[in-house]
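Hi there,

Here is the structure I promised to send over. Have a look at it first, and then read on for my notes.

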Amino acid sequence: MAEIIVVTSGKGGVGKTTTSASLACGLAKAGKKTAVIDFDVGLRNLDLIMGCERRVVYDFVNVVHGEANLKQALIKDKRFENLYVLAASQTRDKDALTKEGVEKVLNDIAADGFDFIVCDSPAGIEKGAFLAMYFADRAVVVVNPEVSSVRDSDRILGLLASKTRKAENGERVKEHLLLTRYSPERVEKGDMLSIDDVQEILGLNVIGVIPESPEVLQSSNSGVPVILDETSNAGMAYVDAVARILGEDKPLRFTTVEKKGFFSKMFRS
Amino acid sequence: MGIFDFLTQRNKNTANVAKSRLRILIEQERGLRDAPDYLPLLQRELLEVIRKYINVDVDAVKVDLHKDGDHNLLDISVALPEKEA
């Protein structure tokens with residue numbers, strides 16, 4: 001039985017695709033057969049972050065419309081043999097997906113022995129975002145410690161509790177927050193909402209806190225999900241988040257200010 | 001904190017401002033989230049009817065839906081203008 005995880009946020013640019021790519025890689029690395037699907041029809045980017053953009057022949061929409069079969073469209077990752085990417089269409093629009101079509105693709109993937117299906121949601125609350133979350137068992141709501149992102153996340157949490165298959169069946173999607181671009185220094189200065197602030201406002205706990213770090217951009221530049229850069233704080237924070245999704249109990253890291261030496265303290269600009 | 005930081009310090013804790021703004025806003029939005037779609041329309045029509053008889057402000061009519069145990073309670077309040085002297 002495959003578990004379907006939607007990575008969503010409402011607001012754009014908060015790190016959904018970065019998170020989808022890293023969670024999928026982490027789950028695959030943990031031995032789970034994983035597929036990651038780009039639901040952002042018309043604006044595909046997951047392929048680029050995963051580093052397989054030159055190997056996209058068929059996409060999600062082709063499969064939904066029966067123009068290709070699943071085997072043809074699933075792109076096998078070069079790093080993990082149990083990881084597959086299903087790209088979004090670049091030429092169609094968001095109406096090219098239907099609920100029935102998406103359901104069939106998800107069922108077919110599940111029937112192929114996958115453990116996890118990660119759905120990378122587009123921004124917004126329109127059809128693509130709705131379809132990405134509709135069949136989810138679990139939701140990772142990506143949020144920046146910033147007012148508009150927090151507000152949009154609350155809206156998304158409302159939709160998860162009402163407009164999903166689970167909700168319609170009287171069940172609940174298992175929801176988590178994933179805080180990205182977190183800067184303990186700015187929190188300490190009082191310039192940024194803290195983990196506790198965000199948890200308190202949204203009434204939900206974090207499954208991971210990814211610190212603001214230059215390696216995130218470097219990783220997307222090179223098409224290697226940041227979780228694979230285990231020298232970076234962001235990468236290690238994603239490793240922890242994956243462990244928590246798999247049920248491990250891991251304390252948060254990189255969420256407090258690193259103590260500096262005497263000289264850097266005195267002369268910090 | 002560097003020793004010269006006091007020169008540039010604005011000493012504004014904007015994170016606290018963000019938190020309190022979000023608290024109020026989100027509470028308000030959650031209240032509307034489960035409300036039926038007809039509520040804003042109902043509010044507008046009520047206002048029109050009331051304005052036929054009394055000259056009230058546009059924000060004088062408030063329509064809220066509350067959960068009271070097992071049933072929903074539609075709470076309509078109309079603020080009447082103060083009596084002119």
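Predicted model: local features only at pLDDT ≥ 70, side-chain atom pairs only at ≥ 80, totals over all residues.

Residues are numbered from 1 along each chain as its sequence is written, chains are lettered from A and ligands numbered from 1 in the order written, and side-chain values use heavy atoms, leaving out hydrogens and water.

Let's start with the sheet in chain A. Its 8 strands make an open, mixed sheet in the order β3-β4-β2-β5-β1-β6-β7-β8. (Strands are DSSP runs of E with at least two residues, helices are runs of H or I with at least four, both numbered from the N terminus; two strands pair if DSSP finds at least two bridges between them.) The edges are β3 (75–76) and β8 (206–211) of chain A, each with a single partner strand, so one side of each has no neighbour in the sheet. β3(A) runs antiparallel to β4 (residues 83–86) of chain A and is joined to that strand by 2 bridges. Lys76(A) has Tyr84(A) as its bridge partner in β4(A).

α10(A) touches β6, β7 and β8 of chain A, and its direction makes about 145° with that of β7(A). (Contact means heavy atoms within 4.5 Å; axes are lines fitted to C-alpha atoms, for helices over the stretch in contact, and angles run from 0 to 180 degrees between N-to-C directions.) Helix α10 (residues 195–202) of chain A also packs with helix α2 (residues 14–33) of chain B, at about 20° and with the axes 10 Å apart. Asp197(A), Glu200(A), Ile201(A) and Leu202(A) meet Lys19(B), Leu22(B), Arg23(B), Ile26(B) and Arg30(B) there.

Within chain A, the axes of α1 (residues 16–29) and α12 (residues 233–245) come within 9 Å and cross at roughly 65°. The residues of α1(A) in this contact include Leu23(A) and Leu27(A), and those of α12(A) include Tyr238(A) and Val242(A).

Finally, two residues to look at on screen. Arg181(A) is not a glycine, yet has a positive phi of about 60°; Arg181(A) is in strand β7 of chain A. Phe254(A), also not a glycine, has a positive phi of about 60° and lies in the loop between α12 and α13 (262–267) of chain A.

Best wishes
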